[in-house]
Structures are given as C-alpha cells and as structure tokens.
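Trainee: Could we go through this one together? I'd like to know what stands behind each label.

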Amino acid sequence: MVLAAGLGGTCMVGTQLAIHEVDGSDAGLAGGLVNTSQQIGAALGLVVLTTTATAPTAELEKLGVSAADAATAGFSWVFLGGAVLAVAGAVVALALRSRRG
C-alpha cells in the first residue's frame, strides 16, 4: 500500500515537472513524451527487477533449497529493490521540484 502511494505521488510530480512550462500548442507532444518515457521506464524497470529475482533464486536452488522457497526469497529481493527505486524516484522528483520552484 505504501509503495503504491509513493509511486502515485512520484508519477504525479514527474508529470507536473515535465509539462510545467510547455506552451499550449506543444501540450500534446509533451504528454506523448511523458507517456512514452513512463512505458519505456516501466519495461526497463521490469527487466532489472526480474533479473534481481532470478539471480538469488537460481543460487538458492543450486544449494538445494526448494523451488518455492527459492522463488519466495528471490521475490523478497524484488520487493526490496522496487521499494528502494520508488523512494529514490520520489526523492529525485521532490528535489527537482524544489529547485524549479
């Protein structure tokens, strides 16, 4: 729940920063760029988090841990990584917002 609230706030601030001083005639272009960058960022983020889950899962399975327990441990790393990325994104967005005033 906290992660979802953090991501929602980060997306709102990021969108606001991206279109803050855009002329009305360029609003559609700016909106399209924001949406495209969010989609590409989500895809790249999924790749990073999937890789983060796969590495510890494979290592634990090599050590004889059951597949279910290894997958659970791998996903624990994903959730931790997702939380760290969300907090980092929120900090960057807030820092950029305060600099632009």
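**Labels and their cut-offs**

Mentor: Start with Glu-59, which forms a salt bridge with Lys-62, their closest N and O atoms being 3.6 Å apart. Bear in mind that this is a predicted model, where local features need pLDDT of at least 70, side-chain atom pairs count only at pLDDT 80 or more, and totals for chains, interfaces and linings use all residues. Residues are numbered from 1 along each chain as its sequence is written, and side-chain values use heavy atoms, leaving out hydrogens and water.

Trainee: How far apart in helix α2 are Glu-59 and Lys-62?

Mentor: They are 3 residues apart there, so about one helical turn separates them. Helices here are DSSP runs (H or I, at least four residues), and strands are runs of E with at least two, numbered from the N terminus. The chain has 3 helices and 0 strands, in the order α-α-α from the N terminus on.

Trainee: What makes Lys-62 exposed?

Mentor: Buried means under 20% relative accessible area, exposed means over 50%, and partly exposed is in between (1.4 Å probe, protein chains only). Lys-62 has 66%, so it counts as exposed. Glu-59 has 45%, so it is partly exposed.

Trainee: And why is Thr-57 called buried or exposed?

Mentor: Its relative accessibility is 16%, so Thr-57 counts as buried. Thr-57 also lies in helix α2, residues 27-62. Leaving aside residues up to four places away in sequence, Thr-57 touches Ala-70, Ala-71 and Gly-74, where contact means heavy atoms within 4.5 Å. Across the 101 residues of the chain, 15% count as buried.

Trainee: Which residues make the nonpolar surface patch?

Mentor: Trp-77, Leu-80 and Val-84 make it, with about 320 Å². Patch residues need over 30% relative accessible area and no salt bridge; like charges are joined within 9 Å, nonpolar side chains (Val, Leu, Ile, Met, Phe, Trp, Tyr) within 5 Å. Trp-77, in helix α3 (residues 67-100), has 48% relative accessibility, so it counts as partly exposed.

Note on methods: Areas by Shrake-Rupley, 256 points an atom, 1.4 Å probe, with all protein chains shown as cover. Salt bridge = Lys/Arg side-chain N within 4 Å of Asp/Glu carboxyl O.
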